[in-house]
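Please keep the sequence and the model in view while reading.

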Amino acid sequence: SSDSSAPGFTFGCGFSNQGEYGGAAGLVGMGQGPLSLPSQLGPRIGGKRFSYCLMKQQHTGPDPATPSSTMLLGAAADPVPQGMAFTPMVQNPSVVASLYYINVDGFSVDGRRLDIPADTFSINPQGAGGMILDSGTTYTYLPSVAFTEIKKAFDAAINLVEYKDHPFLPACYSGPRSDVIPPVTLHLQGAVDLALPEDNYFIRVDGN
């Protein structure tokens, strides 16, 4: 690699930061707006495109043989079509242009396609609705009509007692975790079926 400069690069700095990771707190803006990292560096690195692969935290480490999360910018992020599936980004002119929208066709739980109305994830004429990708948001938020169907499918497949007293997790179950969590598939435009890792939709809250 070679060093190069980026004159006029805009960035911010905080002086009283707190966070869970050794006190670090901050973000790298990867949106489509003019101040994002790929937008500012794009003219010097072969374009605004980027590729971001997030590995499980327990799989990463200092060992060079251990896979790590990788971000590629500009020309380095050119796609390798073999073994990859693609879904198009969707424009929503009514909201902040930096957001990344995709078209969601539906969900399957335990191999069964759920009965979710086709327009549930559509962007309406006023710009509301739709589904965005946001690596900085902790939870996935779904329209209630979609979540209700997913919750019904979980209740039918999970042979554990439902725990109804959690303050903000409405799909919560008590008991020893075993092979009872059903697989979930996200269906995207372009006939892309994304099998979600279990850790992305269920987490152990505590010992019970």
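Tyrosine 101 has isoleucine 132, in strand 7, as its bridge partner. This pair belongs to the 3 bridges that join strand 4 (residues 100-102) to strand 7, and the two strands run antiparallel. Strands here are DSSP runs of E with at least two residues, helices are runs of H or I with at least four residues, and both are numbered from the N terminus. Two strands are said to pair if DSSP finds at least two bridges between them.

The model is predicted: local features need pLDDT of at least 70 and side-chain atom pairs count only at pLDDT 80 or more, whereas totals for chains, interfaces and linings use all residues. Residues are numbered from 1 along each chain as its sequence is written, and side-chain values use heavy atoms, with hydrogens and water left out.

The chain as a whole has 2 helices and 11 strands. Read from the N terminus, its elements run α-β-β-β-β-β-β-β-α-β-β-β-β.

A further open sheet is formed by 4 strands in the order 6-5-10-11, again with antiparallel pairing. Strand 6 (112-113) and strand 11 (192-196) stand at the edges with a single partner strand each, so one side of each has no neighbour in the sheet.

Strand 5 and strand 6 pair in the antiparallel sense over 2 bridges, and serine 108 stands opposite arginine 113 in strand 6. The hairpin of these two strands has 2 residues between them, and aspartate 110 takes a positive phi near 55° there. Strand 5 is also joined to strand 10 by 5 bridges, with the two strands running antiparallel; glycine 106 stands opposite histidine 187 in strand 10. Strand 10 (residues 184-188) is in turn joined to strand 11 by 5 bridges, also in antiparallel fashion, and histidine 187 stands opposite aspartate 193 in strand 11.

Which elements does helix 2 lie across? Helix 2 (residues 144-157) lies across strand 5 (104-109), strand 6 and strand 10, running at about 15° to strand 5. Such angles run from 0 to 180 degrees between N-to-C directions, and the axes are lines fitted to C-alpha atoms, for helices over the stretch in contact. The 14 residues of helix 2 should span 20 Å at 1.5 Å a residue, and the end C-alpha atoms are 20 Å apart, which agrees; the expected span is 1.5 Å times one less than the number of residues.

Proline 143 counts as partly exposed because its relative accessibility is 30%. The cut-offs are under 20% relative accessible area for buried and over 50% for exposed, with partly exposed in between (1.4 Å probe, protein chains only). Leaving aside neighbours within four places in sequence, proline 143 is in contact (heavy atoms within 4.5 Å) with Thr120 and Phe121.

The buried residues of helix 2 are Ala146, Glu149, Ile150, Lys151, Ala153 and Phe154. They pack against strand 5, strand 6, strand 8 (161-162), strand 9 (173-174) and strand 10. Glutamate 149 is buried because its relative accessible area is 18%. Not counting residues up to four places away in sequence, glutamate 149 touches Leu114, Asp115 and Ile116.

The largest nonpolar core has 21 residues, and those with the most contacts inside it are Val104, Phe107, Val109, Leu114, Phe121, Phe154 and Ile158. A nonpolar core is a set of buried Ala, Val, Leu, Ile, Met, Phe, Trp, Tyr and Cys residues joined through side-chain atoms within 4.5 Å. Strand 5, helix 2 and strand 10 are the elements that give two or more residues to this core, and its largest share, 4 residues, comes from helix 2. Strand 5 is largely enclosed by the rest of the structure, because 5 of its 6 residues are buried. Over the chain, buried residues make up 22% of the 208 residues.
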